[in-house]
There are 4 protein chains.
Amino acid sequence: MFRTRVYYQDTDAGGVVYFANYLKLFEKSWFEYLSSIGILLPEWEKEGTFLLVKKVLLDLLDKARYGDELEAHTSISDVKNAQFTLHHTILRDGQTITRGETLMVCVDAAGKPKRIPDDFKKRLLACQRHSMTTK
Amino acid sequence: MFRTRVYYQDTDAGGVVYFANYLKLFEKSWFEYLSSIGILLPEWEKEGTFLLVKKVLLDLLDKARYGDELEAHTSISDVKNAQFTLHHTILRDGQTITRGETLMVCVDAAGKPKRIPDDFKKRLLACQRHSMTTK
Amino acid sequence: MFRTRVYYQDTDAGGVVYFANYLKLFEKSWFEYLSSIGILLPEWEKEGTFLLVKKVLLDLLDKARYGDELEAHTSISDVKNAQFTLHHTILRDGQTITRGETLMVCVDAAGKPKRIPDDFKKRLLACQRHSMTTK
Amino acid sequence: MFRTRVYYQDTDAGGVVYFANYLKLFEKSWFEYLSSIGILLPEWEKEGTFLLVKKVLLDLLDKARYGDELEAHTSISDVKNAQFTLHHTILRDGQTITRGETLMVCVDAAGKPKRIPDDFKKRLLACQRHSMTTK
């Protein structure tokens with residue numbers, strides 16, 4: 001779980017959070033979520049295991065404004081040999097304002113897909129939820 | 001059509017364009033494409049007509065690196081009363097590296113959905129292509 | 001004081017934090033610092049008082065990398081009728097890696113400079129430190 | 001010289017270009033300026049020569065808004081063994097709205113300062129202007 005305010009840098013001249021910035025919030029959310037289940041991405045990079053975003057779905061349900069306090073949650077589904085799906089939800093005062101999915105592919109330092117290392121995968125599987133899309 | 005280089009600001013420590021930054025390139029592409037068919041968004045805003053992004057699909061097929069020259073193309077489908085879909089393709093040397101869709105909703109200054117003004121809609125319809133998804 | 005990790009979104013292909021992103025960290029730091037002394041910027045905006053950045057100094061002493069934990073501190077100097085200076089320091093493991101200053105001007109909703117409201121100014125003055133530059 | 005529009009992504013909820021985004025425009029401007037005098041930064045990186053930003057000065061004189069057409073210019077001063085200064089000016093309709101300086105240090109792949117390679121330096125010197133600050 002990741003909590004943040006909406007700062008000026010997140011907004012645009014429409015007075016609300018710029019749509020692409022939700023993906024940045026997703027990244028912070030998955031980084032902290034994976035850390036919380038023992039997957040420290042910068043450590044894995046030192047071992048030659050990297051995550052690449054392959055597909056994104058983003059659904060904007062409501063607007064967020066300067067000063068709003070947001071909460072981002074991430075969960076896992078569809079863990080396969082070399083990829084898995086992350087589901088992200090952004091809430092304000094307990095209400096979902098944005099949700100999305102990112103398909104993550106496991107790659108080596110050269111960017112080539114590779115099997116998710118055993119310890120990494122075991123942790124993903126332990127937290128996997130039943131597959132479902134955000135629709 | 002919008003051409004740009006990949007600058008440091010577009011990349012991340014993985015050495016490639018950060019995934020969320022493709023959405024920023026989509027915005028530049030749709031702004032310039034809509035301008036080219038006579039829809040000047042900042043002018044429409046003065047008349048109380050705004051566009052809001054409601055849904056996004058993003059498909060990353062290949063990586064782009066610092067210094068790469070990219071070309072972004074936008075096309076239109078599914079023009080309805082208050083919304084339409086934009087399709088975006090990013091190419092390098094004629095090869096698609098990223099594609100995506102954005103569902104655009106027409107709103108007033110208060111952010112409430114409203115009918116697309118006649119002149120705006122007429123221009124969209126004139127350029128509409130057959131509906132298809134990026135899949 | 002504001003604590004954050006360095007995420008992919010903060011870095012560039014050089015493997016370190018992109019220089020302009022330190023200014024974004026400064027904004028988060030001053031927002032939270034001003035909040036901590038009772039100046040809630042989004043609340044003041046509702047009263048017609050806005051802050052505008054007029055000048056920036058940025059000094060990069062060391063690099064920060066993906067996964068680093070950073071701490072940002074802000075302090076105040078040179079409080080005048082319509083402007084004041086903020087000093088920012090970013091540390092990693094207790095060592096300063098970046099510092100900077102931002103000259104903040106108080107403006108109304110139309111962007112015109114105006115006197116800092118009394119209650120706002122009183123709080124700034126109570127926390128003002130002796131003037132000094134980052135040089 | 002680099003020309004661009006102001007897009008939503010460049011602005012914030014204050015309705016104007018977010019202050020940190022001018023540094024991103026500076027980067028685009030220096031990349032294209034250096035290219036125009038035969039210094040292709042991505043090519044130099046392949047040879048092990050990188051540029052690092054060490055100090056930044058930014059002076060915001062006027063605001064830029066969504067849809068504005070901006071022009072950025074870069075010039076060179078104070079070319080030394082391992083560093084040089086770039087001066088940036090951003091104009092709208094021929095009027096300077098922002099200016100700044102960036103102190104650039106030449107480093108190797110490990111981030112260690114190194115002498116500017118001869119051919120690189122020769123090109124800088126040929127375009128050097130009389131030293132002056134933005135003040």
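Predicted model: local features only at pLDDT ≥ 70, side-chain atom pairs only at ≥ 80, totals over all residues.
Student: Do the copies meet through the same surface or through different ones, if I take chain C and chain D?

Tutor: One compares the two lists of interface residues, where contact means heavy atoms within 4.5 Å. Of the interface residues of chain C, 100% are also interface residues in chain D, so these copies meet through the same surface. For chain B and chain D the share is likewise 100%, and therefore this pair, too, meets through the same surface.

Student: How many residues are in contact between chain C and chain D, and what area is buried between them?

Tutor: On the side of chain C there are 22 residues in contact with 22 residues of chain D. The area buried between the two chains is about 2,000 Å², and carbon and sulfur atoms give 57% of it.

Student: How many salt bridges and polar contacts are counted between chain C and chain D?

Tutor: For salt bridges the cut-off matters, since the side-chain nitrogen of Lys or Arg has to be within 4 Å of a carboxyl oxygen of Asp or Glu. Between chain C and chain D the count is two salt bridges. One salt bridge links D:Lys55 to C:Asp59, whose closest N and O atoms are 3.2 Å apart. On the side of chain C that touches chain D, the elements giving two or more residues are α1 (21-36) and β2 (50-60) of chain C. Of the elements on that side, β2(C) gives the most, with nine residues.

Student: How should I read the interface of chain B and chain D, and how many residues are in contact there?

Tutor: Here 16 residues of chain B are in contact with 16 residues of chain D. The buried area is about 1,800 Å², of which 48% comes from carbon and sulfur atoms. In chain B, the residues that lose the most area to chain D are B:Tyr7, B:Gln9 and B:Tyr66, which together account for 35% of what that side buries. On the side of chain B that touches chain D, β1, α1 (21-36) and α2 (41-46) of chain B each supply at least two residues. The largest share of that side, five residues, comes from α1(B).

Student: In what order do the strands of chain A and chain B form their sheet?

Tutor: The 10 strands form an open sheet with antiparallel pairing, in the order β1(A)-β3(A)-β4(A)-β5(A)-β2(A)-β2(B)-β5(B)-β4(B)-β3(B)-β1(B). At the edges stand β1 (2-5) of chain A and β1 (2-5) of chain B, each with a single partner strand, so one side of each is left without a neighbour in the sheet. Neighbouring strands are turned by 25° against each other on average, direction ignored. Helix α1 (residues 21-36) of chain A packs on this sheet, touching β1, β2, β3, β4 and β5 of chain A together with β2 of chain B, and its direction makes about 60° with that of β3(A).

Student: How many bridges pair strand β2 of chain B with strand β5 of chain B?

Tutor: Strand β2 (residues 50-60) and strand β5 (residues 95-107) of chain B pair in the antiparallel sense over 10 bridges. In this pairing B:Leu60 stands opposite B:Thr98 in β5(B).

Student: Which strands stand at the edges of the sheet formed by chain C and chain D?

Tutor: That open sheet has 10 strands in the order β1(C)-β3(C)-β4(C)-β5(C)-β2(C)-β2(D)-β5(D)-β4(D)-β3(D)-β1(D), again with antiparallel pairing. Its edge strands are β1 (2-5) of chain C and β1 (2-5) of chain D, each of which pairs on one side only. Within chain D, strand β4 (residues 83-92) and strand β5 (residues 95-107) run antiparallel and are joined by 10 bridges. D:Gln83 has D:Val105 in β5(D) as its bridge partner.

Note on methods: Residues numbered from 1 in each chain as written. Chains lettered and ligands numbered in written order. Heavy atoms only, no water. Pairing = 2+ DSSP bridges. Helix = DSSP H or I, 4+ residues; strand = E, 2+ residues; numbered from the N terminus. Axes fitted to C-alpha atoms, helices over the stretch in contact; angles between N-to-C directions. Buried area = accessible area lost by both parts, 1.4 Å probe.
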